[in-house]
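Dear colleague,

Please find the structure below for your records. My notes on it follow directly after.

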Number of protein chains: 2
Amino acid sequence: VVGPVDSRLVAFHPDPVSSVEQAAPRRVDARLLKGFRDATPEIEVVRRDFLARLERVAQSFGYLPIETPALEYAEILLAKAGGEAQKQMYRFRDHGDRDVALRFDLTVPFARFMAVHARELPMPFKRYQSGKAWRGENPQKGRYREFVQFDADVVGSDSAVSDFETLLMAAQCAAALELGDFRILVSHRGIITQLLAQTGASAHLAPIMRVIDKAGSLSENELQVALSEHADAESLAAVLALLDAGRGGGTAAAVLARIRSVVGEGDGVARLQQLAELAADHEPLASALTIDPSIMRGLDYYTGVVFETALVQLPQVGSIGAGGRYDDLVGLYSSERLPGVGMSVGLDRIVHALADEGRLPQPGLGADLLVFCMSEALASDYQRLANQFRAAGVRTDVYPDARKLKAQFAYAERVRIPLGLFYGEDEQATGRLQIKELVGRKEHANLTPAEALSLTQRLLATT
Amino acid sequence: VVGPVDSRLVAFHPDPVSSVEQAAPRRVDARLLKGFRDATPEIEVVRRDFLARLERVAQSFGYLPIETPALEYAEILLAKAGGEAQKQMYRFRDHGDRDVALRFDLTVPFARFMAVHARELPMPFKRYQSGKAWRGENPQKGRYREFVQFDADVVGSDSAVSDFETLLMAAQCAAALELGDFRILVSHRGIITQLLAQTGASAHLAPIMRVIDKAGSLSENELQVALSEHADAESLAAVLALLDAGRGGGTAAAVLARIRSVVGEGDGVARLQQLAELAADHEPLASALTIDPSIMRGLDYYTGVVFETALVQLPQVGSIGAGGRYDDLVGLYSSERLPGVGMSVGLDRIVHALADEGRLPQPGLGADLLVFCMSEALASDYQRLANQFRAAGVRTDVYPDARKLKAQFAYAERVRIPLGLFYGEDEQATGRLQIKELVGRKEHANLTPAEALSLTQRLLATT
């Protein structure tokens with residue numbers, strides 16, 4: 001049963017029903033919340049296209065779709081939220097006075113999902129999911145308070161083979177977006193853990209990892225100062241040596257040899273070695289794979305392999321995707337131990353960064369063909385013609401009003417519709433119609449509907 | 001700038017950062033909020049398939065996609081929310097102490113979107129959109145507090161041609177779901193408005209419409225009692241006569257003739273007449289179109305044509321879609337007048353009703369083909385083989401661990417994967433492999449990879 005309405009709400013509209021019926025037409029300012037934005041068709045067609053490409057990759061690997069609610073009990077999300085995520089969470093009391101919050105990623109609700117459903121699911125469970133998440137962070141370039149995320153994970157497998165599959169998929173996802181060359185920067189949490197155990201600084205692991213995670217935005221000097229706050233002299237030297245090992249370039253084997261010379265043998269290095277071998281000649285992964293011991297992935301739930309995908313020609317876009325292995329996803333919610341490995345892509349970050357760079361793809365927004373309205377008396381014929389084209393896979397829009405042709409052409413141009421179909425009272429007498437190429441204004445007159453359709457298909461195939 | 005954190009939140013986790021680092025592994029109950037549910041793959045593949053079908057229809061008509069935020073200023077949503085929607089709204093104060101709420105449908109945020117963007121959009125603007133909305137209503141069979149909605153609208157056209165196109169699309173959407181026969185029940189708000197003006201009861205229009213809207217769940221006697229609360233004797237008789245006019249069956253022309261005998265000529269009847277004529281021999285609309293003067297569509301923003309889509313063989317699913325014309329969508333947010341007409345489909349309602357009826361379609365959940373793991377040493381070969389199949393459009397899953405074949409077969413069955421590929425140390429010597437039909441257990445041995453691929457494509461095409 002829904003609890004009583006929050007008293008603040010009652011105060012705000014004391015008698016909702018009668019207030020609606022008597023509503024005076026008060027004007028409301030049509031403003032958006034700060035940090036939120038609309039997706040106009042120009043943005044949304046690209047976001048949908050990118051998302052469809054990512055989903056097709058996940059489907060091609062046989063991953064299964066799921067969905068979880070946007071709202072959860074706050075304690076569920078808090079259990080796995082880092083300090084930042086906790087502060088940024090949209091959290092409130094619902095009608096039943098429950099302490100609830102909007103999800104801030106897709107992974108934490110997925111952990112809760114696994115705790116509830118593990119027994120009824122195939123195992124290993126390979127899932128993909130896409131949807132919105134919310135963080136009340138300070139809006140800045142490329143960061144919004146609402147964002148669409150694409151995730152893919154394998155749960156219930158400890159195997160390096162699953163790490164390998166995740167990296168393969170991350171590479172195919174990056175390639176599918178066709179944004180130029182990319183690197184997949186890979187490390188393993190075990191390496192820094194092992195290194196600080198050797199120097200006796202395990203207690204300072206978390207803050208040191210946090211500094212390393214931000215190393216890219218610090219000068220060498222700033223990095224040393226920041227590390228010194230948490231690391232003794234020996235640990236500082238060890239961490240700097242580790243970061244140096246990542247900088248020399250060369251093959252994965254060469255970088256791993258340098259890392260070994262700092263930290264010695266260990267599970268982390270061994271797993272990375274194995275992955276580098278598995279990836280050999282698996283393009284596009286093989287060329288993109290770059291061992292980089294500075295990759296930490298914040299203070300998330302990761303425990304093993306961690307990685308980030310970066311665009312070579314568009315470094316300003318930053319990381320377009322990331323992921324890693326976690327050895328205990330559902331532990332806080334269940335007595336089962338369910339290891340997993342997965343990846344995330346931040347769709348909005350990519351789309352808006354491309355928009356800011358003026359590099360947003362410019363596909364058609366809607367139809368392939370516009371049926372111009374020469375006479376409203378022909379409306380039924382227009383829809384009949386249009387349906388023949390639609391049934392053959394041609395997206396066909398019918399202009400609804402007999403407005404000036406200039407207005408109809410402007411509409412077609414605005415929607416980026418390449419072809420027009422013209423059929424007026426004259427054509428009705430003969431049953432013939434005209435197709436016009438709207439950019440070049442080339443006309444093809446006196447066509448039967450069947451001829452018009454095959455011409456349209458030919459013209460669309462060549463553009 | 002994000003404002004201070006809500007004091008209740010601070011009290012709840014006094015020091016988020018340090019509490020994370022010291023976190024004792026406290027167990028959290030993995031429960032879902034009441035009225036919310038997870039979509040497991042069985043549900044999600046069907047919901048995605050249905051949504052894709054609806055979106056393909058909208059795309060085939062040349063409609064453009066948009067998206068708006070899930071969160072808006074509460075006053076934006078309140079401006080167009082009926083009394084029920086107001087009470088059910090998820091409304092709270094955000095980090096910046098803004099009065100915000102989750103959208104309760106896609107239409108009201110769309111109105112706000114139009115007020116902001118009208119000048120930069122093509123006009124008429126034909127848009128489709130799908131996404132979640134939230135209402136804290138009392139959970140009951142088939143009703144959830146979070147639901148996925150699909151909407152399509154034409155804004156900026158008063159024309160009957162746009163009403164007609166919307167009905168065509170509603171019919172094609174219903175047909176695309178392949179849920180058997182359906183009816184599109186159509187009326188016009190002008191008819192009841194005109195009738196009550198004639199009896200001098202215009203002041204009681206809203207409550208009388210509300211009763212008529214619920215007429216389907218009332219006995220004749222209950223209906224009369226409920227109407228009598230708001231209608232004088234003359235109005236009561238007139239309303240009952242109007243409802244009777246809808247009950248006699250027959251063609252649209254016959255029903256419209258009976259409605260005319262009650263209310264006379266008017267814009268509402270004339271528009272319905274025009275639509276019935278436009279729809280003639282446009283299947284599947286022509287057979288589904290049913291004039292029904294009891295259709296009211298609640299007290300929403302509709303002002304003209306209103307309609308609902310109902311399944312004939314699955315009446316228990318109720319209305320699967322609905323829509324209508326509104327003559328002033330953005331009036332509360334803008335000085336412009338933007339008339340429009342549109343439709344909504346409630347995806348979750350349909351999917352969960354089918355699940356409750358045991359009629360949920362049972363497509364494969366993931367891959368078409370499973371590469372069985374005979375040896376983990378072959379992991380790289382498995383992914384190489386799999387990629388050849390994926391590139392040819394075969395969704396191919398690789399089992400990650402060399403577990404017992406029985407477990408791997410159980411996995412394939414659980415995911416409903418029809419085909420298996422077997423390649424072990426023996427096959428490695430010859431380069432030949434085996435495809436197995438997992439249901440009939442029929443084996444096809446000694447195949448080259450190319451033969452295996454073409455066999456797989458043949459087998460998938462015939463199932």
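Which residue of β6(A) is the bridge partner of A:Tyr128? It is A:Ala152.

This is a predicted model, in which local features need pLDDT of at least 70, side-chain atom pairs count only at pLDDT 80 or more, and totals for chains, interfaces and linings use all residues. Residues are numbered from 1 along each chain as its sequence is written, chains are lettered from A and ligands numbered from 1 in the order in which they are written, and side-chain values use heavy atoms, without hydrogens and water.

In chain A, eight strands form an open sheet with mixed pairing, in the order β1-β5-β6-β11-β10-β9-β7-β8. Its edge strands, β1 (64–65) and β8 (289–291), each pair on one side only. Strands β5 (residues 125–134) and β6 (residues 146–155) of chain A run antiparallel and are joined by 10 bridges. Helices (H or I, at least four residues) and strands (E, at least two) are DSSP runs, numbered from the N terminus; two strands pair if DSSP finds at least two bridges between them.

Helix α13 (residues 267–279) of chain A packs on this sheet, touching β7, β8, β9 and β10 of chain A, and its direction makes about 150 degrees with that of β7(A). Angles run from 0 to 180 degrees between N-to-C directions, and axes are lines fitted to C-alpha atoms, for helices over the stretch in contact.

In chain B, B:Ala160 lies in helix α7 (residues 160–176). Beyond its neighbours within four places in sequence, B:Ala160 is in contact with B:Arg271, B:Gln274, B:Leu275 and B:Leu278 (heavy atoms within 4.5 Å).

With kind regards
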